[in-house]
Every structure is written in structure tokens, then in C-alpha cells.
Amino acid sequence: MVSYITHARAEKLLPRLLKKVIQLQELHEMLELMETVDIEIEETNNHMFHFLTQFNMSFHKLSYQFYHKLHSIEKMGCVVTDIEDGIISFLSHSGEKPIILSWQIDEPKIEYWHEVDEDFEDRKQFVNLLVE
């Protein structure tokens, strides 16, 4: 079953959503940084094995936190379309027509929408659009 969210409900979620998206971005940045680390160790260096284990544990813990945060955002009724740019989509409708409400974290409210088969670049302002 497809779940739609109203414009009013999506607007009410923004304060909580903003905080979660910022946290998600921070986790994403940390994971990206950790992925750039290349550790080479000699087989005889037990201290480095321990360090590598700790590093991997930290990476997987952050990865779990990232996906847990992402899941909590999705449970709110939206989709993270672009993590780095903080673009969020909400499946909504205008009359019988399904649409996507489009919000970016630097915007104070949800003022844009686009067709389901369009992208962020195609979004339009709510001028003369009735969103139920």
C-alpha cells in the first residue's frame, strides 16, 4: 500500500527532520572519511592488528548509526533523495494526482513539488497547486 503525506503534515515534521538530516549528513561525512583510510600492517605487529580491529569496529558502529538514522527518517514518511545536499522527498497528491513534495534543508518550509517521474531540478513552486 502506498502511503501519502499531506503538505501540512510534512511541514510539521520539518523541525525534527532537519535535526535528523543534519545528523545523517555528519555520519555520512565520517564514514566517507574513514573509507579513505588505507591501513597496511605487517603480520608480526599485534598492536596494529588490535588497532585495525578497533578501527573496523568504529566504522561498523558508525555505519549502523547511519542506517538506523536513515530508517528513522524514512519512518517519518519521506525519502532522503540526496544526503550531501540535504534533499528530502515526500510522496503526496494533488487531487487524484500523485506528486512529490520537495524540500532542501536550507529552505524554511516546503514550497516546491514535482511530478513523480521528475527530479529535483524539475521542481516547481506551489503556485496554484492544491495539495490535499
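User: Why is Glu-29 called exposed?

Analyst: Glu-29 has a relative accessibility of 55%. Exposed means over 50% relative accessible area, buried under 20%, and partly exposed in between (1.4 Å probe, protein chains only). Glu-29 therefore counts as exposed. The model is a predicted one, where local features need pLDDT of at least 70 and side-chain atom pairs count only at pLDDT 80 or more, while totals for chains, interfaces and linings use all residues. Residues are numbered from 1 along each chain as its sequence is written, and side-chain values use heavy atoms, with hydrogens and water left out.

User: Where is Glu-29 placed?

Analyst: Glu-29 lies in helix H1, residues 7–35. Helices here are DSSP runs (H or I, at least four residues), as are strands (E, at least two), numbered from the N terminus.

User: What makes Leu-33 exposed?

Analyst: Leu-33 is also placed in helix H1. Its relative accessible area is 59%, so Leu-33 is exposed.

User: How do you know that Glu-42 is exposed?

Analyst: Glu-42 sits in the loop between H1 and H2. Its relative accessible area is 59%, so Glu-42 is exposed. From Glu-42 to Ser-58, 16 residues on in sequence, the C-alpha distance is 21 Å.

User: What makes up the largest nonpolar core?

Analyst: The largest nonpolar core has 27 residues, and Leu-17, Ile-73 and Trp-103 are among those with the most contacts inside it. Such a core is a set of buried Ala, Val, Leu, Ile, Met, Phe, Trp, Tyr and Cys residues joined through side-chain atoms within 4.5 Å. H1 gives the most to this core, with nine residues.
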